[in-house]
Amino acid sequence: MGKITGFLEISRELPPRRPIAERLKDWRELEGKLPEDKLQAQGARCMDCGIPFCHKGCPLGNIIPDWNDLVYRDRWREAIERLHSTNNFPEFTGRICPAPCEEACVLNINNDPVTIKQIEKQIIDHAFKAGWVVPVPPTRRTGKRVAVVGSGPAGLAAAAQLNRAGHTVEVLERADRIGGLLMYGIPDFKLEKWIVERRLQQMRDEGVVFRVNAHVGVNVSVDDLRRNFDAIVLAGGATWARDLPIPGRELNGIHFAMDFLPQQNKKVAGDEVRDQILATGKNVVILGGGDTGSDCLGTSNRHGAKHVYQFELLPKPPETRDGDGVAPWPYWPMILRSSSSHEEGVQRDWSVNTKAFSGDADGNVRKLHGVRLEWKKDASGRPQMVEIPGSDFEIECELVLLAMGFLGPERAGMLDDLGVRLDQRGNV
Ligand SMILES: Cc1cc2nc3c(=O)[nH]c(=O)nc-3n(C[C@H](O)[C@H](O)[C@H](O)COP(=O)(O)OP(=O)(O)OC[C@H]3O[C@@H](n4cnc5c(N)ncnc54)[C@H](O)[C@@H]3O)c2cc1C
Ligand code: SF4
């Protein structure tokens, strides 16, 4: 801990985002950077706590106080070594992780945690710029072959580690590009794709082989994998989207978020996208209040939507931790979260249930029919939704995006063929 009084003298500071009017005209990242002297001052705010709760908050166990201090002391090379020791891809997490470390940071008791995520992002950006992130191929090969199915962050991290341990690793991905949701799903304004490509190149240079358009269980059989590999890592993600089987669901203009978002990623990548789902000039309704819904919102506004609504079934969460029943520090609290996309324009509403859609003579969606809800606890204390009598309403809409979460991995194909056991929630 370089500056013992840092947390008393220096306020939390984040760089400003690009102005809304400017960023709505493009797909580039919108989060800024702090000048390095200011970032070092932010590192000085870390108290190097006896019990660093930030560690516990971080699912990767990042050794956060060490690199906060190293940044403060201008020792960037050691900072990236420490960061890479627990995190294969800080350039991704530094951009899109929801930062549970900051929720758990001791300074967050006063609502001004160390800017851990920003420091993480700038350490890795500094390291790439300085040329310190170079291929680290294994010194010897074990002779074992491993197939990794799925190339999202989980598959990529597994592949990177297994390869560095000396195994021969092949990543099989059914999409036409590697990266899972990092490539197809998460919009470019949150994570530009050259950043993903840059890391993939390092992995290729270390010896990882990537195979695209390789759909295991469809055009690559699990028997082939069993024959040709010593081990198979299943990293296919949770891609089974929750549907809304209500009257009118079949109308044109009602789409899963994951039909909408990847098309825009492809477009930004320069691909031709036939019959792209566009929000331009439309009243858009997004059902679901999480990250996916928020990404649909930012994308719709960049398309030039006329008006965007975002409806959530659950009640509006409290704005601060002081609310009733909210997990106290250092736990992750279920509080109201607003993303950069929300700043860009939306009409949000909570405790709303969608009952039906209706359309025009050509089968295009024209209206959403909803009802407002009250959440009451039943005898066992479980929240139950109750429709408020007379609260039915209609909204005109020409595009509806379903962003209501994911139910687990898709079973048909690879998982069925492998005969793996699933838990009660349908996960492997
Ligand atoms: C729109 C959206 C936005 C999100 N934003 C954020 C965010 O801002 N911050 C955050 O922390 N999290 C975010 N998430 C969640 C995060 O993206 C996921 O938790 C993460 O990508 C999961 O990683 P994964 O590697 O398990 O799976 P995925 O990234 O889903 O990758 C799985 C890959 O496996 C492939 N695959 C599946 N089955 C097969 C098969 N049989 N053969 C070959 N390939 C197969 C799929 O095509 C896919 O590419 C977001 C999710 C979505 C949908
Ligand atoms: S909890 Fe916060 S102040 Fe304490 S060591 Fe972690 S980052 Fe530093």
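Author: Let us begin with a definition: a salt bridge is a side-chain nitrogen of Lys or Arg within 4 Å of a carboxyl oxygen of Asp or Glu. Please keep in mind that this is a predicted model.

Reader: How many salt bridges does the structure hold?

Author: The structure holds 37 salt bridges. One of them joins the side chains of E13 and K38, with 3.2 Å from N to O. The pair ties together parts that are 25 residues apart in sequence, because E13 lies in the loop between α1 (6-9) and α2 (20-23) and K38 in helix α3 (residues 36-43).

Reader: With which residue does R95 form a salt bridge?

Author: The partner of R95 is E29, and the closest N and O atoms are 3.0 Å apart. R95 lies in helix α7 (residues 90-96) and E29 in the loop between α2 and α3, so this pair ties together parts that are 66 residues apart in sequence. As for accessibility, R95 counts as buried at 12%, and E29 is buried with a relative accessible area of 14%.

Reader: Where is K117 placed, and what separates the C-alpha atoms of K117 and R95?

Author: K117 has its place in helix α9 (residues 116-130). The C-alpha atoms of K117 and R95 are separated by 7.5 Å, while the two residues are 22 residues apart along the chain. At 22% relative accessibility, K117 counts as partly exposed.

Reader: What parts does the salt bridge between E410 and R174 tie together?

Author: The side chains of E410 and R174 meet at 3.1 Å, N to O. E410 lies in the loop between β15 (406-408) and α16 (414-418) and R174 in the loop between β2 (168-172) and α11 (193-206), so the parts tied together are 236 residues apart in sequence. Both residues are partly exposed, E410 at 35% relative accessibility and R174 with a relative accessible area of 36%.

Reader: Which residues are joined into one network by salt bridges that share partners?

Author: R17, R23, E31, R302, E343 and E344 are joined into one network in this way.

Reader: Let us turn to the ligands. Which residues come nearest to ligand 1?

Author: There are 29 residues around ligand 1, and of these I96, A154, E173, K190 and V216 come nearest. Atom pairs give further detail. A polar side-chain atom of E173 is 2.7 Å from an oxygen atom of ligand 1. The backbone takes part as well: a backbone N or O atom of L181 lies 3.0 Å from an oxygen atom of the ligand, and a polar backbone atom of P153 is 3.3 Å from an oxygen atom of ligand 1.

Reader: How is the shell around ligand 2 made up?

Author: Ligand 2 has 14 residues around it, with C46, C49, C54, C105 and V106 coming nearest. The elements that give two or more residues to this shell are α4 (53-57) and α5 (64-72). The largest share, 3 residues, comes from α5. By residue type, the shell divides into 12 nonpolar, 1 polar and 1 charged. The space taken by ligand 2 is the largest cavity.

Reader: To conclude, is E250 buried or exposed?

Author: At 63% relative accessibility, E250 counts as exposed. E250 is placed in the loop between β5 (240-241) and β6 (254-256). From E250 to G370 the C-alpha atoms are 17 Å apart in space, and the two residues are 120 residues apart in sequence.

Note on methods. Residues numbered from 1 in each chain as written. Chains lettered and ligands numbered in written order. Predicted model: local features only at pLDDT ≥ 70, side-chain atom pairs only at ≥ 80, totals over all residues. Heavy atoms only, no water. Helix = DSSP H or I, 4+ residues; strand = E, 2+ residues; numbered from the N terminus. Buried < 20%, exposed > 50% of the residue type's maximum accessible area, 1.4 Å probe, protein only. Near = heavy atom within 4 Å. 1 Å grid on protein atoms, 1.4 Å probe; cavity = no way out; pocket = protein on both sides within 12 Å on 5 of 7 lines; lining within 4 Å. Sits in = over half its atoms within 2 Å of the grid points. Nonpolar A, V, L, I, M, F, W, Y, C, P; charged D, E, K, R; others polar. Polar contact = N/O pair within 3.5 Å; in protein donor to acceptor, adjacent residues only side chain to side chain.
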